[in-house]
Amino acid sequence: MNDLPLNPIRYQHYRELPDAFYEETQPMAVPAPKLIALNKRLLEAEGIAADWFESEAGLALLSGNADYENTPIAMAYSGHQFGHWVPLLGDGRAHMLGQMHNADGEPIDVQLKGSGRTQFSRGGDGKATLGSMLREYIVSEAMHGLDIPSTRSLAVISTGEKIMREGVQPGGIVARTARSHIRVGSFQYAAASQGEEGVKALADFVIAHYFPALAESPDKYADLLRTVAEAQASLIAQWMLVGFIHGVMNTDNMSVVGETIDYGPCAFMDEFHPNKVFSSIDRHGRYAWGQQPNIAVWNLTQLASMLLPLMDADAEKAEAIARQQLDAFAPAFHAAFNTGMAKKLGLDTDVSEGDIVSLSETTLGALTESSIDYTLFFDRLTRVAAGADAAPLLAMFNNPAKAEAWFKQWSDIKSDDTEVIKTMRHSNPAIIARNHRVEEAIAAAEQQDDFAPFQRLCAALLNPYEIAPEDADLQSPPTPQERVTQTFCGT
Ligand code: AMP
Ligand code: MG
């Protein structure tokens, strides 16, 4: 009896929030759940035993089929979607099961996505395709492999259901973990539904659970805004340094703890262009690669305006305080981006900010002009820095004279220090979750019930800075036939 594994998801701290923030709701049972992936590595790293999740009861819990003693909740939030205000969004196909605690006692949210209708579903069916859940698993774990803050994927389940999207597709559920599921849109919802009192309750909750160091500060709400702004600045710089485009940076998809959240139509770009967009629904390039810092500030401005009444009773003073906190974004972003670029370029540590910016701009300009593959370029550059022949790198430019000029500018300030080159290697992934490989893995799973390409891709992305000879095909950019130019939300 005693050695039966215990469900580690034992808390539901969102219940401390006023009732209006969530709705108790049961996931919908599914006919034939099958465990496609269980992320034992994640559990191991957090010091949580995997045995519960491998038990029959654990699988039932991950698939929506359990008798949930601790009633799951769907959380309410609002949001600006592509700039348009939507007063009530909320978890329309997700169920927060609660928190488990890692070995350090930190809470980890466990949420099912694709687990059925809730009161927030509007016209939706509450379901997700197996393909889009595999996509979330692959890309969120790839982000983690790149050391970029992200929600993670604990498991993927195929439900045995057929659901209607573009045609009939197999249904799936992802169990997602996160430090928090509070979004900028949660604050917008608090203000819209409960006014200042609701915003205060939410801000106090966020400080108590995620930023306890701010609790005693006399300016804790201004500090909260600054902390969120700086976390986002660092996050978005990290995205951009690996060529990541989130694709749907609506305020409801921006986490206040600075984790990447909501992997819908996201993508890593192949050939570099600052205006690159993949999302099928981003018709005007609002969330293009180079737009991401501006959009983050736009979103943070929404958060700031919700927090205004807490910062000062005098509206003018409150606005000045808010502006000061938002002003922290730009320097934090530029510092993170420029430091990251210096590492990617393998520059000497005493190179000036001006020289870093100048070389970054020339490099990105040349990549744009010659349509050079972003990841492959920096991988080859790393190899050249480590002593390899420069010819394959220079051959990527469409103009030999420009290639020479660029190479000279780089050679003048690049480092020969082995430590710098080690850091350079660790800043330039050899493998990213290339769109065509992600789509290929999804197609094999959906159409042939073959999960080997999914497993193989996930395994390679765990350590993206090294590449096994047999994985060379995962590194290559797409051929014209393989190219995937659009990604879909899968909602
Ligand atoms: P997203 O663009 O994925 O962040 O989703 C925006 C909103 O649409 C959220 O409130 C989701 O819960 C909701 N939603 C997305 N897909 C579905 C679906 N299939 N059924 C119900 N609600 C959905
Ligand atoms: Mg969302």
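Predicted model: local features only at pLDDT ≥ 70, side-chain atom pairs only at ≥ 80, totals over all residues.
A residue is called buried when its relative accessible area is under 20%, exposed when that value is over 50%, and partly exposed in between. Phenylalanine 82 has a relative accessible area of 22%, and it is therefore partly exposed.

Phenylalanine 82 lies in the loop between strand S4, residues 79-81, and strand S5, residues 84-86. Its backbone also deserves attention: phi is positive, at about 50 degrees, although the residue is not a glycine. Serine 371 likewise is a residue other than glycine with a positive phi, near 50 degrees. This serine is found in the loop between helix H10, which covers residues 353-369, and helix H11, which covers residues 374-385.

The discussion now turns to ligand 1. The space that ligand 1 takes is the largest pocket. There are 18 residues around the ligand, and those that come nearest are Gly90, Gly92, Arg122, Gly126 and Asn253. Sorted by class, this shell consists of eight charged residues, eight polar residues and two nonpolar residues.

Several contacts of the ligand can be described atom by atom. One of them involves the backbone: a polar backbone atom of glycine 90 is 2.5 Å from an oxygen atom of ligand 1. Others involve side chains. In aspartate 125, an N or O atom of the side chain is 3.1 Å from a nitrogen atom of the ligand. In aspartate 262, a side-chain N or O atom is 3.1 Å from an oxygen atom of ligand 1. Taken alone, the ligand exposes 490 Å², and the protein buries 87% of that area.

Is asparagine 253 buried or exposed? With a relative accessible area of 10%, asparagine 253 is buried, since this value is under 20%. A polar atom of its side chain lies 3.0 Å from the backbone oxygen of valine 248.

Other positions show how separation along the chain and separation in space may be considered together. Alanine 49 is found in the loop between helix H1, residues 40-46, and helix H2, residues 51-54. Its relative accessible area is 47%, so alanine 49 is partly exposed. Alanine 49 and leucine 6 are 43 residues apart in sequence, while their C-alpha atoms are 9.3 Å apart in space.

Glutamate 319 has its place in a helix, namely H8, which covers residues 315-326. This glutamate is partly exposed because its relative accessible area is 40%. Ten residues along the chain separate glutamate 319 from proline 309, and the distance between their C-alpha atoms is 9.2 Å.

Finally, aspartate 19 is found in the segment before strand S1, which covers residues 22-24. Its relative accessibility is 60%, and aspartate 19 therefore counts as exposed. What distance separates the C-alpha atoms of aspartate 19 and aspartate 204? These two residues are 185 residues apart along the chain, and their C-alpha atoms are separated by 15 Å.

Methods:
Residues numbered from 1 in each chain as written. Chains lettered and ligands numbered in written order. Heavy atoms only, no water. Near = heavy atom within 4 Å. Polar contact = N/O pair within 3.5 Å; in protein donor to acceptor, adjacent residues only side chain to side chain. Areas by Shrake-Rupley, 256 points an atom, 1.4 Å probe, with all protein chains shown as cover. 1 Å grid on protein atoms, 1.4 Å probe; cavity = no way out; pocket = protein on both sides within 12 Å on 5 of 7 lines; lining within 4 Å. Sits in = over half its atoms within 2 Å of the grid points. Nonpolar A, V, L, I, M, F, W, Y, C, P; charged D, E, K, R; others polar. Helix = DSSP H or I, 4+ residues; strand = E, 2+ residues; numbered from the N terminus. Buried < 20%, exposed > 50% of the residue type's maximum accessible area, 1.4 Å probe, protein only.
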